[in-house]
Amino acid sequence: MKKIIDKKVTQLKMKYHTKNPFELCENLGIEILYENLGKNINGFYQAAPRNKVIHININLDEYSRYFTCSHELGHALFHSKLNILFLEKNTHIIKNKYENEANYFSANLYLSDENLYSDKFSGMTIEQIAAQLHIPIELLKLKLK
Ligand SMILES: [Zn+2]
């Protein structure tokens, strides 16, 4: 599955010249809705082959919106055939195959290999690199695995 995701990321970047998940959604005809989802839910994706809609909690800051959108886009691309509601709780406790795939997509979309292995990161901890790149640490760990 990782190879399929890697290939898709390369294709998307080549075709649309962006790694921004909001721009990609627009290009792919995926609707984004901002809703008040309370305190514990970051967003969700209702998997359906047609009418793809990503729901994002309006209470999130810009940074969290970006990575929630990117994660949900992963579900939209790879899990639409499954009839599952992907609900993102902000506890990050539930980990399954599909969540890991969506995170792996999100990490790969955001990061490219050259910026991870460049000299400017040598000697830095994962925490420091994550802070430098403005990326959630779980995603960076996934990418470095
Ligand atoms: Zn998810």
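The structure is a predicted model, in which local features need pLDDT of at least 70 and side-chain atom pairs count only at pLDDT 80 or more, while totals for chains, interfaces and linings use all residues. Residues are numbered from 1 along each chain as its sequence is written.

The protein chain has seven helices and four strands, these being DSSP runs numbered from the N terminus (helices H or I, at least four residues; strands E, at least two). Along the sequence they follow the pattern α-α-β-β-β-α-β-α-α-α-α. The C-alpha atoms fill a box of roughly 45 × 35 × 25 Å along the principal axes. A compact globule of 145 residues would have a radius of gyration near 15 Å, and the 15 Å of the protein chain agrees with this; the radius is taken over C-alpha atoms, and the globule rule is 2.2 Å times the number of residues to the power 0.38.

The four strands form an open sheet in the order S1-S3-S2-S4 with mixed pairing, where two strands pair if DSSP finds at least two bridges between them. The edge strands, each pairing on one side only, are S1 and S4, and the twist averages 15° from one strand to the next. S1 and S3 pair in the parallel sense over five bridges, and Leu33 stands opposite His55 in S3.

| Element | Residues |
|---|---|
| Strand S1 | 31–35 |
| Strand S4 | 85–89 |
| Helix H3 | 62–78 |
| Helix H4 | 97–110 |
| Helix H7 | 137–144 |

Helices H4 and H7 pack at an angle of about 85°, with their axes 9 Å apart; axes are lines fitted to C-alpha atoms, for helices over the stretch in contact, and angles run from 0 to 180 degrees between N-to-C directions. The two helices are therefore roughly perpendicular to each other, a term that covers 65 to 115 degrees. Their contact is made by Asn103, Tyr104, Ser106, Ala107 and Asn108 of H4 and by Glu138, Leu139, Leu140, Leu142 and Lys143 of H7, where residues are in contact if their C-beta atoms, placed from the backbone, lie within 7 Å.

Phe78 is found in helix H3. With 19 other C-beta atoms within 10 Å, Phe78 is partly exposed, the class between buried (20 or more such atoms) and exposed (12 or fewer). Leaving aside neighbours within four places in sequence, Phe78 is in contact with Glu101 and Phe105.

Terms used. Angles under 35 degrees count as roughly parallel, over 145 as roughly antiparallel, 65 to 115 as roughly perpendicular and the rest as oblique. Two residues are in contact if their C-beta atoms, placed from the backbone, lie within 7 Å.
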